[in-house]
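Please open the model in a viewer and keep the selection panel at hand.

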Amino acid sequence: MKHKILLLLVFVTITSVCSLQPQLVVNGDGSYKILVGGKVWLESAPTRLHSNGQWQDLRLTNSYKEKGIDFWGPFSEYVLEWNNGAFLTSLRSYSDTPIVSFEQIFPQGAQDTSVGNPNELISNFPSFNLPDPSSDPLGYMTYVGNMLGEGVYGIFDSMNTIPGGLDSGPLVLFNQDLSISSVLSASTQFMAGSIAQVDFAPMKAAAAFGIMGNVTHVPKGFRIESILYVGSGINDLIFNWGRSLLKRFNKDPSGPSFDYSLKYLGYYTDNGAYYYYHTENQLNYEQTLFNVKEYADSLSIPYKYIQLDSWWYYKGLADGVKNWTMMPNIMPNGLLNFYQKTGWPIVGHNRYWSSNTDYASANGGRFPFIIESPLAIPTDKAFWDYLLQTSKLWGLIVYEQDWLYNEFIGLKSTQENITLARDWLLNMGQAAADAGLTIQYCMPYPRHVLQSVELPAVTNFRASDDYHPDNAQWKIGVSSIVAYALGLAPSKDNFWTTPVQPGNPYNLKEDYPELESAVATYSTGPVAPSDRIGYSNVELIMRSCNKDGLILKPSKPMTSIDATFLRRAFNLVGPSGEVLTTYTEISNVRWYHIMSVDLTSPYVISPSDLDLSDEFSYVAYKHSFTNSTTVSPFTKTEPIKLPISGKADFGLYHVVPVFENGWAILGELNKWVPISTQRISAFWESTSVVGVSIKGSPNEVVSFTFLNPKSQLVMVNVVISSSGTAVVVPNSQ
């Protein structure tokens with residue numbers, strides 16, 4: 001340990017001249033503040049620790065400064081020793097990255113730490129004062145609840161309560177013009193760390209990061225880190241924060257592009273599906289799903305896999321999983337037979353474990369579980385190796401872990417043991433990777449989603465509530481921001497493609513199948529209809545994919561625009577409903593896509609709202625499958641005017657670059673995403689024309705539309721060759 005005399009001095013990090021580079025000031029008493037652009041952004045509240053059954057009187061007994069380099073670059077570190085080294089905190093600021101990182105270190109561990117409330121904290125560091133109300137406040141947004149949702153918004157000051165605890169985070173702060181914004185989150189030990197409001201006195205509170213409040217002891221040498229990432233805007237800020245976490249754990253963000261269930265059209269039997277705990281009359285599930293396959297083949301619907309929900313395996317106490325194998329009354333001939341006859345790989349749903357599960361050694365099984373009736377949790381990777389390797393034999397390609405938050409909060413041990421919940425997810429994820437499988441998280445808290453940065457096998461998560469006809473689970477624009485940042489695809493769940501599905505178990509009607517289909521396609525997550533046999537809209541299904549079921553998608557998920565956050569936090573100018581954007585990028589050239597839904601007042605999208613290249617001029621058009629296409633210039637003086645709209649008449653617009661020769665490529669107007677890397681392999685231009693190299697299924701007919709220099713639409717139909725390719729060149733005359 002280093003021993004230095006504690007001086008009443010100020011450590012100041014000298015940063016680059018970049019106005020968004022945070023400046024860290026650490027005072028001799030252990031307090032600190034973050035400056036951005038020369039102004040105080042956040043100022044510290046007291047550092048606290050609860051151990052030995054009480055809040056400790058923390059005294060700063062030593063401090064020192066070091067320099068080094070890590071995964072985020074060169075840093076200056078300030079180490080603060082409390083109570084003669086019983087508890088250490090450190091702050092790192094980086095010269096090349098707009099990050100301040102914080103660490104809590106327990107050299108001797110800590111005992112009797114619980115405060116008796118899981119949504120409170122046993123430690124506070126960092127901790128930032130909620131400022132007094134002012135005329136220039138900061139706004140906040142934090143995700144709350146399972147599947148993250150659309151966020152909770154408000155003013156970051158002492159008059160307001162900041163949501164926190166087990167089900168929330170990260171915390172995003174921003175000023176009223178979005179010129180400065182920041183994200184505070186865990187950066188290690190994601191299942192143990194929380195953000196919560198800490199009240200010190202009337203009208204005196206702080207937003208603090210720390211260890212969740214029911215942890216009973218901290219092991220010797222335990223460390224937990226958090227990060228403050230500073231930037232501007234919302235989408236760019238969260239993207240850069242998320243990619244910093246991926247860099248921290250060396251996770252490749254391209255994982256979703258290799259997930260079979262995200263590449264191809266699938267069929268779902270999840271909650272909301274027609275065949276969720278429901279079969280055709282007098283047929284079992286095996287017969288019903290064979291008939292689904294036969295029906296799809298008769299209409300050339302190219303389903304490439306099937307999701308099997310919780311109706312197929314054995315349940316125990318509290319409807320938890322007793323045995324994750326097919327019940328013979330559901331499929332008398334078994335899953336392997338079903339897989340071999342349909343050719344459909346399987347996305348296999350699972351839920352929380354029952355305390356009487358057959359796998360637990362306490363019940364005569366082979367593997368150690370912690371049993372807390374009526375639930376249980378496995379503690380050994382060998383269990384997951386066995387479960388996933390044997391399940392792969394019957395066609396499993398994706399393990400869908402549902403009811404994540406229920407397993408987490410339903411057990412005392414996952415909240416009292418500081419490492420158990422992380423170990424649970426690490427064992428599951430590493431076993432899936434070893435088996436060559438991927439994982440979808442369902443019903444996660446934000447902490448589960450953050451934990452995925454350590455797990456390459458986790459490729460997607462459910463980003464909204466379960467689908468039911470006409471509910472609002474299609475609203476995934478805000479949760480999709482963090483999904484993309486963390487290298488995940490957001491899932492909006494299954495959907496019906498026709499309004500009326502007779503005999504459905506919900507007695508409901510789907511009034512907006514087009515919206516459901518479009519949002520699923522633009523999510524980059526699963527596209528998975530769930531219709532009754534005889535009630536599929538084939539044309540609508542095929543808007544999402546090519547003839548072989550390959551999803552034609554944008555380069556990133558469609559996300560809510562930044563102005564959404566200003567309206568929701570400050571009630572400032574922003575869309576009155578949902579306005580979302582994304583793009584398709586091919587050879588460093590971008591085509592942009594804009595969706596508007598439920599607007600109660602018009603809204604204008606200008607070139608400044610999109611990251612347009614100065615290399616091109618642009619045109620825009622509204623996508624329509626029934627009306628003729630009208631293309632207009634897209635400029636500062638000729639923006640896109642989004643009209644009042646609902647869900648049935650939602651708007652879909654595209655912004656298209658115009659090449660130097662005057663031509664523009666509009667793409668496949670009979671698809672939701674007219675320009676996609678799944679269809680286009682290359683494009684080129686000459687002095688008089690453009691051309692496109694495309695790919696697809698042999699003998700597939702592809703219709704491609706161009707805009708010529710005279711502002712006329714030119715459509716070209718081509719047939720994909722036996723090699724799966726074709727070249728499209730419009731008539732230049």
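Throughout this tour, buried means under 20% relative accessible area, exposed means over 50%, and partly exposed lies in between (1.4 Å probe, protein chains only). This is a predicted model, in which local features need pLDDT of at least 70 and side-chain atom pairs count only at pLDDT 80 or more, whereas totals for chains, interfaces and linings use all residues. Residues are numbered from 1 along each chain as its sequence is written, and side-chain values use heavy atoms, with hydrogens and water left out.

**Salt bridges**

Select Arg-568 and Glu-150, whose side chains meet in a salt bridge (3.7 Å, N to O); the term denotes a side-chain nitrogen of Lys or Arg within 4 Å of a carboxyl oxygen of Asp or Glu. Arg-568 belongs to helix H13 (residues 563-570) and Glu-150 to the loop between strand E13 (138-144) and strand E14 (152-156), so the pair ties together parts that are 418 residues apart in sequence. Helices (H or I, at least four residues) and strands (E, at least two) are DSSP runs, numbered from the N terminus. Glu-150 is buried, at a relative accessible area of 17%, while Arg-568 is partly exposed at 29%.

Next, select Asp-434 and Lys-381, a salt bridge whose closest N and O atoms are 2.8 Å apart. Here Asp-434 in helix H8 is linked to Lys-381 in helix H5 (residues 381-392), 53 residues apart. Asp-434 is exposed, with a relative accessible area of 52%, and Lys-381 is partly exposed at 21%. The structure holds 23 salt bridges.

**The nonpolar core**

Now select Trp-324, Trp-353 and Met-595, which touch the most other members among the 178 residues of the largest nonpolar core. Helix H8 (residues 420-435) provides the largest share of this core, nine residues. Such a core is a set of buried Ala, Val, Leu, Ile, Met, Phe, Trp, Tyr and Cys residues joined through side-chain atoms within 4.5 Å. A second, separate core of 50 residues includes Ile-594, Ile-640, Trp-663 and Leu-666.

Return to Met-595, one of the residues lining the second largest cavity, together with others including Trp-474, Val-519, Tyr-522, Met-558 and Leu-580. This cavity has a volume of about 90 Å³, and helix H11 (513-523) gives the most to its lining, with three residues. On a 1 Å grid over the protein atoms alone, a cavity is a set of points where a 1.4 Å probe fits but cannot get out, and a pocket is an open set with protein on both sides within 12 Å along at least five of seven lines; lining residues have an atom within 4 Å of a point. Grid points are joined across faces, edges and corners, and a volume is the space filled by probe spheres set on the points.

Then select Ser-168, Gly-169, Ala-186, Gly-193 and Leu-450, the closest to the centre of the largest cavity among its 14 lining residues. The volume of the largest cavity is about 110 Å³.

Which residues lie nearest the centre of the largest pocket? Select Asn-235, Asp-236, Thr-581, Asp-609 and Asp-611, from a lining of 25 residues. The largest pocket has a volume of about 720 Å³, and H1 gives the most to its lining, with four residues.
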